[in-house]
Amino acid sequence: MIDNIKPKEATSIVNSLLGGVVPKIGVQHITVGRSEEIEAFVSALDDVKNGHSMVKFWIGDFGSGKSFMLHLLNTVALKQKFVVANADFTPDNRLYSNDGKGVALYSAIMDNVAIQTKPEGGALPTLLEKWIEQVIVKTADDNSISLTAIRDEQYLNLIQKNIMKTINDITEVGGFDFGTVVMKYYEGYIKDDEQLRRNALKWLKGEYKTKTEAKQDLGVREVINDLNYYDMLKNFCKLFVSMGYSGFMVNLDEAINLYKISTSVMRDKNYEKILTIYNDCFQGKVANLFFNFAGTKEFLENERRGLFSYHALKSRLETNKFETVEIRDFAQPVIKLLPLNHNEIFVLLNKLKAIFDYNYNVTLAITDNDIQQFMEEMFNKPGASEFLTPREVIRDFLNILNIIRQNPTVDKHKLFGEIEIADERPDELSLIDSIEEL
């Protein structure tokens, strides 16, 4: 049995992995073979807690565990009292854009803001209300007003004045509108005006499309857009730190979608935004901010379309020339995720079997020898060395467990023999490269 696992975590692990995606919670229970990476990450978190900022690039093949690694980083950072957020790059979510795709990425980030008590995301309202409560307590204390009386509507202006003062102290760009909207959120909070609170939250999440609509609803002159959303992320980082959190960590997955941008000018603009974030973090222009990017080797090293096509990034992200497979440097910005070895996969499948049994309240007759036979069948199939990924091994193993659970008389060894290996890598990348070469 896996120690300290909760039923909700077990269900999330089994259902997510069967669906081919990483579970949002409980990943710490199925972690194997990443201890050195986590140790280096914890050290980096300590630096960020102390006022530094950091950017890491997690690079690996499709199915190698990049998304899993980001979710594991979340779990670790939440325990270290960080605010964390995750978003995926998609054709409609980018770092740079002039048609709303940049602010769409920002909205996805803010939708997924998480804290330890809300690890699945959606924690922005909780954080705002927690911060407002801190302002209320301080205002009551400074003005010798009881905590009961200070919430009366007659003190609304006093609270709003202190909200704006605090916002002005911690923000640079866009602070006035940011503060005004937070005041409106508080006004809705005090007056029990749910619509006003929703409008304020809508603005803070970058969901207003026009200034006219925002002015009508909230009385502000600006909206969060493609050009200023990064400043707003930095404002939120300062706000979270002022509340007592260690910092703000943003995880951006599926960076291969930047590689796929068809026009070189737009692709370079996105890489330029990565360079801006990188320089801000490592030159000390921002504090307590941690960005993680996850992508494939092509995204990093391709000289025509990848980050290495942008010279200023290539010079910063080239691997330590003294690093080898045996001698790793986890302090550098780029961390390459090596495949799990067979022993590590065996341990992982053992853990998954225990979690599966716990989730369904069964004890399937799958022994260590059975797991070894399953692995031998998988890894000896034609194409396994080239195409097989941990994702496919896990999914096939759980699918077999599901068949055995529902059909107890089935021959498990026959199921092992029916395993087939498929190339899960997207065809479009080779197609993109072929077109480029023409």
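Rings of Phe, Tyr and Trp pair if their centres lie within 6.5 Å. In this predicted model, such ring pairs link Phe 57, Phe 89, Tyr 230, Phe 291 and Phe 293 into a cluster. The structure holds 15 aromatic pairs.

Q: Why is the pair of Phe 89 and Phe 293 called stacked?
A: Planes under 30 degrees apart count as stacked. The planes of Phe 89 and Phe 293 are at 5 degrees, with the ring centres 6.4 Å apart, so the pair is stacked.

Q: What makes this pair a tie between parts apart in sequence?
A: Phe 89 lies in the loop between β2 and α4, while Phe 293 is in strand β4, so the pair ties together parts that are 204 residues apart in sequence.

Q: Why is Phe 293 called buried?
A: Buried means under 20% relative accessible area. Phe 293 has 0%, so Phe 293 is buried. Phe 89, with 1%, is buried too.

Q: Why is the pair of Tyr 106 and Tyr 229 called tilted?
A: Stacked needs planes under 30 degrees apart and edge-to-face over 60, and the rest count as tilted. The planes of Tyr 106 and Tyr 229 are at 55 degrees, so the pair is tilted. Tyr 106 in helix α4 and Tyr 229 in helix α10 are 123 residues apart.

Q: How do you know whether Tyr 229 is buried or exposed?
A: The cut-off for buried is under 20%. Tyr 229 has a relative accessible area of 2%, so Tyr 229 is buried.

Definitions and conventions: Residues are numbered from 1 along each chain as its sequence is written. This is a predicted model: local features need pLDDT of at least 70, side-chain atom pairs count only at pLDDT 80 or more; totals for chains, interfaces and linings use all residues. Side-chain values use heavy atoms; hydrogens and water are left out. Rings of Phe, Tyr and Trp (its six-membered ring) pair if their centres lie within 6.5 Å; planes under 30 degrees apart count as stacked, over 60 as edge-to-face and the rest as tilted. Helices (H or I, at least four residues) and strands (E, at least two) are DSSP runs, numbered from the N terminus. Buried means under 20% relative accessible area, exposed over 50%, partly exposed in between (1.4 Å probe, protein chains only).
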